[in-house]
Amino acid sequence: VATRATWIVLLVLLTVVSARAYTEEFVDLRLRGDQASHVFQAITLAEGVPDLTFDERDFAAWQEMGWTPGPDGLIVHRDGEDLTAGKPYGYSLLASPFVRVLGPVRGMTTTNVALFLANVAIIGWLLARKLSGPVLPLAIGAFALASTLYLNLWIMQPELFMAALVGVVCVAAIEGVRRDNAI
């Protein structure tokens, strides 16, 4: 009973935190620097042409979305006459299909919620190697909600993306060692 109850509490907390990200009205926030760059890249990639060159269409799309007057402090590189993305684009590339289908605001939020939940699943997998019973969901919840992991739901930067990549590498390494030792 205690184990089932702690899992239910964890699921309720994760649902509330994830849903809260969708109720935030990001349009009023000013995106500057890295956040503006990642969102702008995702919008550009969502156009369907895998092109990180920014032109008048991209700036018009930014203005039409009504998010911020910016993009303020957009980090770009000049490649001859073209302006190109000045930040790593893995996070923006992952976000671009969500941005294409759901629009920039909900697309970026959906990306972050999916990455947050992926990180929670990775944390759960890692902790389940040593914990069980009601302690496992409590430990997962403590790690996911008492750390700064969940705060990244509201920041359009690649921290959740990078954490998930590190987690996947850790899981792959652990599984590889486990299989090697089993032989």
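Two strands are taken to pair if DSSP finds at least two bridges between them. In the predicted model described here, β1 and β3 meet this condition, being joined in the antiparallel sense over two bridges. Within this pairing, Thr53 stands opposite Thr84 in β3. Strands of a sheet pair through backbone hydrogen bonds, either parallel or antiparallel.

The pairing of β1 with β3 belongs to an open sheet of three strands, arranged in the order β1-β3-β2 with antiparallel pairing. Strand β2 (residues 76-79) runs antiparallel to strand β3 (residues 82-85), and four bridges join the two. Val76 is placed opposite Ala85 in β3. A hairpin is formed by β2 and β3, with two residues between them. In the turn of this hairpin, Gly80 has a positive phi of about 70°.

Beyond the sheet, the overall organisation of the chain was examined. Seven helices and three strands are present, and along the sequence these elements follow the pattern α-α-β-α-β-β-α-α-α-α. The chain has 183 residues, of which buried residues make up 40%. The accessible surface of the chain amounts to about 10,000 Å², and carbon and sulfur atoms contribute 65% of that surface. Among contacts in the chain with a separation of 6 or more, 71% are accounted for by residues 24 or more positions apart.

One salt bridge is found in the structure. The partners are Asp34 and Lys87, whose closest N and O atoms are 3.1 Å apart. Asp34 belongs to helix α2 (residues 34-46) and Lys87 to the loop between β3 and α4, so the pair ties together parts that are 53 residues apart in sequence. Asp34 has a relative accessibility of 26% and therefore counts as partly exposed. Lys87 is likewise partly exposed, with a relative accessible area of 22%.

Ser96 lies in helix α4 (residues 90-102). Because the relative accessibility of Ser96 is 7%, this residue counts as buried. When residues up to four places away in sequence are not counted, Ser96 touches Ala42, Leu45 and Ala46. Thr110, by comparison, is located in helix α5 (residues 104-128). With a relative accessibility of 14%, Thr110 also counts as buried. Leaving aside neighbours within four places in sequence, Thr110 is in contact with Tyr22, Phe98 and Leu102.

Helix α5 also contains Trp125. Its relative accessibility is 28%, so Trp125 counts as partly exposed. Contacts of Trp125 include Val171, Ile174 and Glu175, with residues up to four places away in sequence not counted. Trp125 and Val171 are 46 residues apart along the chain, and their C-alpha atoms are separated by 8.1 Å.

Aromatic side chains were considered next. A pair of aromatic rings is described by the distance of the centres and the angle of the planes. Tyr150 is partly exposed, with a relative accessible area of 25%. Trp154 is partly exposed as well, at a relative accessible area of 21%.

The surface was also examined for nonpolar patches. Ile8, Val12 and Val16 form such a patch, and together these residues have about 270 Å² of accessible area. Ile8 is part of helix α1 (residues 2-23). The relative accessibility of Ile8 is 48%, so this residue counts as partly exposed.

Conventions
Residues are numbered from 1 along each chain as its sequence is written. This is a predicted model: local features need pLDDT of at least 70, side-chain atom pairs count only at pLDDT 80 or more; totals for chains, interfaces and linings use all residues. Side-chain values use heavy atoms; hydrogens and water are left out. Patches are made of residues with over 30% relative accessible area and no salt bridge: like charges are joined within 9 Å, nonpolar side chains (Val, Leu, Ile, Met, Phe, Trp, Tyr) within 5 Å. Accessible areas come from the Shrake-Rupley method with a 1.4 Å probe; for residues, only the protein chains shown count as cover. A salt bridge is a side-chain nitrogen of Lys or Arg within 4 Å of a carboxyl oxygen of Asp or Glu. Buried means under 20% relative accessible area, exposed over 50%, partly exposed in between (1.4 Å probe, protein chains only). Contact means heavy atoms within 4.5 Å.
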